[in-house]
Amino acid sequence: MSKLAIAGGWADLPRDLLESVLARLPVPDRVRFPAVCTAWQSAHTAAAATGLPQATPSPWLMLPFNPTARTGGVDDGSAKLSVARFLSLAEGRAYAIRQPAPAARDRLCVGSSPDGWLVTADACSELSLLNPVTGAQLCLPSAATLPFVDARRGAGGRVESYGLRFCFADGDCGCGEEDALVLPETFAPDRFRYDVYEKAVVLSAPRRVLPCSWGGYAVLLICQPLGRLAVARAGDAEWTLLDADAPGRCWADAVRASSSSSADGSRRDHQLVYTMDAAGRVDAWDMDAATAPRAVALAPPCVCSFSGRACAMSAACRKYLVELSPGRLLQVHRLREAAHARYAWEPRPEHVEYTTTGVELFEWTAATGRWAPADGRVLGGRALFLGKSASLCVPADDAGVRGDCVYFTDDGPWSHDRCHEVAPDVGLLDLADGSYRPPRGAARDLLWKWPPPVWVFPSLAG
């Protein structure tokens with residue numbers, strides 16, 4: 001310490017040493033780093049510009065708001081900022097981080113990526129990409145550009161309601177009521193997001209191409225009715241349906257493949273995406289193909305022992321798809337029961353609270369080409385993170401992530417009433433002993449309901 005003081009102090013540490021320290025810091029400390037002094041601020045800015053790698057972050061849990069707390073919004077003269085709270089699993093403590101407009105209290109998160117980006121829907125059901133740590137934000141195409149959605153606008157151009165057509169035909173096909181599965185339905189702008197956005201998957205993260213411009217990103221949207229697939233890339237003005245040739249598959253989950261190999265173990269240069277339907281069948285899509293991406297069948301249906309009691313698309317059984325490694329996929333069936341099932345009375349269906357009771361695991365390998373029942377050993381000491389977030393297999397650490405556990409957030413069935421009146425089903429399931437409990441430090445916050453919590457993988461890249 002005395003040698004540093006004689007040399008001029010911490011502010012005079014060499015730039016390469018500062019960058020080396022910065023690369024090893026967890027996200028909260030990296031956020032604080034530039035506040036130490038101007039020299040550290042300069043090193044932080046330079047590191048961000050060059051894309052300095054960061055230590056693998058421990059996941060965060062985006063927490064619901066305490067409705068009795070003060071709003072926390074401020075006006076900086078240009079945009080109204082609000083505060084969102086995130087629980088660090090490693091530290092068991094929550095961080096409050098300012099967010100750009102629209103207010104965090106008005107956002108519903110329908111997806112998150114391992115690159116630190118969230119996909120959020122505002123009170124008008126418009127979608128955005130948001131990095132909650134840096135505040136970077138990008139608008140995605142309007143919901144009105146989905147082929148089966150009609151937007152009714154007022155005199156000022158603002159959407160007053162959305163109309164949803166439930167039919168297999170897409171676009172301006174002249175689909176009439178006689179062709180529809182059910183009659184068209186109308187939604188208020190703030191209700192549309194609950195019933196239509198099933199899950200968003202960030203296929204490629206945004207990268208800065210100019211100081212105020214982003215490129216390179218792509219988002220896959222699983223949307224109702226019928227669990228359709230739509231994609232939007234950087235520069236797109238509208239959503240494009242991927243499954244126009246197979247509109248009745250009812251897609252349940254999607255995951256982007258690792259960048260090195262395809263599922264059959266061969267080397268490749270293109271970005272693959274795996275999608276799973278309600279029956280557990282998996283298709284592969286080449287998202288970098290010169291022509292429109294087309295599905296290639298990869299894995300057959302997967303039979304769930306729970307299916308005799310409940311449909312795979314119901315609240316009682318939720319399916320997720322995870323890539324364990326190139327050539328190995330894992331299908332996770334989340335089993336739930338109504339919390340009031342033992343009572344003599346039942347609340348209205350949309351107010352029934354479901355709680356996770358267990359999982360069933362099925363492994364697929366390129367060598368066998370079929371699904372086989374598996375147990376917790378298939379994780380190899382790692383942990384699963386599932387919900388509206390990207391379905392991920394994450395290495396365990398000595399801090400917040402426990403191996404051979406499944407970390408869940410509540411992901412439906414969502415409705416306006418359920419999201420505001422029912423406590424979310426969030427917790428970690430220990431595959432060794434079958435116990436299910438809330439994450440450390442989260443029990444009190446999970447008494448609140450809105451917005452539904454989601455896993456966040458914090459990053460300063462963006």
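Trainee: Why is cysteine 124 called partly exposed?
Mentor: Buried means under 20% relative accessible area, exposed over 50%, and partly exposed in between (1.4 Å probe, protein chains only). Cysteine 124 has 21% relative accessibility, so it counts as partly exposed.

Trainee: And what makes cysteine 223 buried?
Mentor: Cysteine 223 has a relative accessible area of 0%, so it is buried. Keep in mind that this is a predicted model, where local features need pLDDT of at least 70, side-chain atom pairs count only at pLDDT 80 or more, and totals for chains, interfaces and linings use all residues. Residues are numbered from 1 along each chain as its sequence is written, and side-chain values use heavy atoms, with hydrogens and water left out.

Trainee: How many disulfides are there?
Mentor: A disulfide is a pair of cysteine sulfur atoms within 2.5 Å. By that rule the count is zero.

Trainee: How do you know that E19 and E20 pair?
Mentor: Strands are DSSP runs of E, at least two residues, numbered from the N terminus, and two of them pair if DSSP finds at least two bridges between them. E19 (residues 272-277) and E20 (residues 282-286) have five bridges, in the antiparallel sense. Methionine 276 stands opposite valine 282 in E20.

Trainee: What is the strand order of the open sheet?
Mentor: The four strands run E18-E19-E20-E21, with antiparallel pairing.

Trainee: Why are E18 and E21 at the edges?
Mentor: E18 (251-256) and E21 (295-299) each have a single partner strand, so one side of each is left without a neighbour in the sheet.
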